[in-house]
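Hi,

Here is the structure I promised to pass on. Have a look at it first, and then read my notes below.

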Amino acid sequence: MQQNRGQWQSTAGFILAAAGSAIGLGNIWRFPYVAGTNGGAAFIVLYLACVLLICLPYLYCELAMGRHTKKNPVGAILKLRGGGPWTLVGALGVLTGVCILSYYGVIAGWAFGYIFKSFLAPSMTLGDFSANALLGIPLFAIFILMTVLVVARGVEKGIEKAARVLMPMLLLLMLLLIARGLTLPGASKGVEFLVKPDFSVVTMTTVLAALGQAFFSLSLGMGAMITYGSYLPKSANLQTSGAWVALFDTGIALLAGFMIFPALFALGGNPTAGPPLIFEALPAIFAQMPLGSLVAAIFFILLSIAALTSTVSLLEVPVSYFVDDRRWTRAKSVWVVGGAAFLIGLPAALEPSSPALQSISLMGATGFLGVMDLIWGNISLAVGAMLLCIFTGWVWGFRNAGAELREGGGMTAAGVAFWGFFVRFVCPLFIFLVLLSLFPLGTRILAAFLG
Ligand code: TRP
């Protein structure tokens, strides 16, 4: 049994794969536009605090659960509790993996298509591009297919190997584009935007937006890190490995800022463009540069690489459930789950050409894709993270979880005590506030208490 589950070949392989999961559209597409609309540097300072004080302690919960049980999120809770309602939290994680994959794959498909569009139709708008279902659907299918092919090859030969090849490539391409952006005249205004905080723009909403972004970016809340942690041997040091993953993810998000804003400011773009920032503002910027099509193609190759190592982790969570607990073969699991994600994602791919799908709205989110992201990418992750945190701190118990963190020369006894305080009190409270802020009534309650 244990052998055919798979295991990382080395701790470095785990760190790369987990960083690959974390580093994705969230870092390169979402982080820059959320930072851009929330004041730049001040948002970044809050973001760093959230990663360190809330996300990192929570990440250790998932890693401890995974390595201790050697299971997927459902199997992990079954093993620790022997059934009961807590198992539903694991099931929510598995379902969330399929659902996030479904719309994330659509956006990833656009990023992939933009590589070729950079040469073939540089002036086509995102609206025209995505409204063409004959482009959107095949691109989405190709992206799901690439994900399926990586995950089908298993933990070491598929996921770990892909991360070993793709992550260094990603970093190299990013450094290339940062150098290009920083050497443009006027780039320093973009740098200033990223490093000179103006705290007068910060509100409670900014803090909660930063925390939500940090959770999504680190792939937390649905047990992806339970699953990846389950392939780690006892000899690995969870404390340092987890810290490396958080460091890489945060580093790449910041680098994405330095890749985008200096070029944007130098060529007169608008930092508060919102979601279309990298699909519209950025290509317009590239078009003004010498060799612009090549620079744009490099950017979208880099974005596709980042997205692929993330979709791989979204697929691996449900796949590991079917392999561990339903005894399906890996091959059957990847095709069934990948196929399901494709079907669930079809409306998201069709939305740009369908007024009916665009008119869907829920609690401030608009369009099918926006509503899916609200339900699965925001609410479900916050609910999952809060409950998994409470589960680790209070049900399994922070001392038991702490014993797992101490294995492999990991955390010290004092470290466990400190961590236990965060996991039992601080993290659940802050995650609960994020959850409240997602609901209109909750926003009003927060406003009444916090002003
Ligand atoms: N973290 C990835 C990103 O930033 C997305 C992602 C992959 C994810 N796996 C996840 C988000 C699991 C939440 C949970 O793009």
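This is a predicted model: local features need pLDDT of at least 70, side-chain atom pairs count only at pLDDT 80 or more; totals for chains, interfaces and linings use all residues.

Leu291 sits in the loop between α14 (281-287) and α15 (292-325). The phi of Leu291 is near 60°, a positive value in a residue other than glycine. With 65% relative accessibility, Leu291 counts as exposed.

There is another residue of that kind to look up. Ser219 is not a glycine either, yet its phi is positive, at about 60°. You will find Ser219 in the loop between α11 and α12 (224-229). Is Ser219 buried or exposed? Ser219 is buried, since its relative accessible area is 14% and the cut-off for buried is under 20%.

Next, on to the helices.

Helix α3 has 13 residues, which should span 18 Å at 1.5 Å a residue; the C-alpha atoms at its ends are 17 Å apart, so the two values agree. There is a bend of about 35° in α3 at Phe31, with a proline, Pro32, following within four residues. How many of the 13 residues of α3 are buried? The count is 12 of the 13, so α3 is largely enclosed by the rest of the structure. The buried ones include Leu25, Ile28, Trp29, Tyr33 and Ala35; Phe31 and Pro32, from the bend, are buried too. Just after α3 comes Gly39, with a positive phi of about 95°.

Now for the packing. Helix α3 (residues 25-37) packs against helix α11 (residues 204-217) at an angle of about 175°, and their axes are 11 Å apart. That makes the two helices roughly antiparallel to each other, because angles over 145 degrees count that way. On the α3 side, the residues that meet α11 are Gly26, Asn27, Arg30, Phe31 and Val34. On the α11 side they are Gln213, Phe216 and Ser217. By type, the contact of α3 with α11 divides into three nonpolar residues, four polar and one charged. Note that Phe31 turns up both at the bend of α3 and in the contact with α11.

Helix α2 (residues 11-22) is worth a look as well. It has 12 residues and reaches 16 Å from its first C-alpha to its last, close to the 16 Å expected at 1.5 Å a residue. Nine of those 12 residues are buried, so α2 is largely enclosed by the rest of the structure. Among the buried residues of α2 are Gly13, Phe14, Ile15, Ala17 and Ser21.

Where is the kink in α16? It lies at Ile344, is about 35°, and comes shortly before the proline Pro347. Arg330 is one of the buried residues of α16, and so are Val337, Gly345 and Ala348.

- Ala64 and Thr392 are 328 residues apart in sequence, but their C-alpha atoms are 8.8 Å apart in space. Leaving out residues up to four places away in sequence, Ala64 touches Leu238, Trp396, Ala401, Glu404 and Leu405.
- Gly181: look for this one in helix α9 (residues 155-182). Gly181 counts as buried, at 1% relative accessibility. Between Gly181 and Ile260 there are 79 residues of sequence separation and 7.5 Å in space, C-alpha to C-alpha. With residues up to four places away not counted, Gly181 touches Ala187, Pro262 and Ala263.
- Ile379: helix α18 (residues 367-406) holds this residue, which counts as buried at 15% relative accessibility. Ile379 and Ser437 are 58 residues apart along the chain, with 10.0 Å between their C-alpha atoms. The residues that Ile379 touches, not counting those up to four places away in sequence, are Met363, Leu374, Leu435, Leu438 and Phe439.

Cheers

How values were computed: Residues are numbered from 1 along each chain as its sequence is written. Side-chain values use heavy atoms; hydrogens and water are left out. The bend at a residue is the angle between axes fitted to the seven residues ending there and the seven starting there. Buried means under 20% relative accessible area, exposed over 50%, partly exposed in between (1.4 Å probe, protein chains only). Axes are lines fitted to C-alpha atoms, for helices over the stretch in contact, and angles run from 0 to 180 degrees between N-to-C directions. Angles under 35 degrees count as roughly parallel, over 145 as roughly antiparallel, 65 to 115 as roughly perpendicular and the rest as oblique. Contact means heavy atoms within 4.5 Å. Ala, Val, Leu, Ile, Met, Phe, Trp, Tyr, Cys and Pro count as nonpolar, Asp, Glu, Lys and Arg as charged, and the others, Gly among them, as polar. The expected span of a helix is 1.5 Å times one less than its number of residues.
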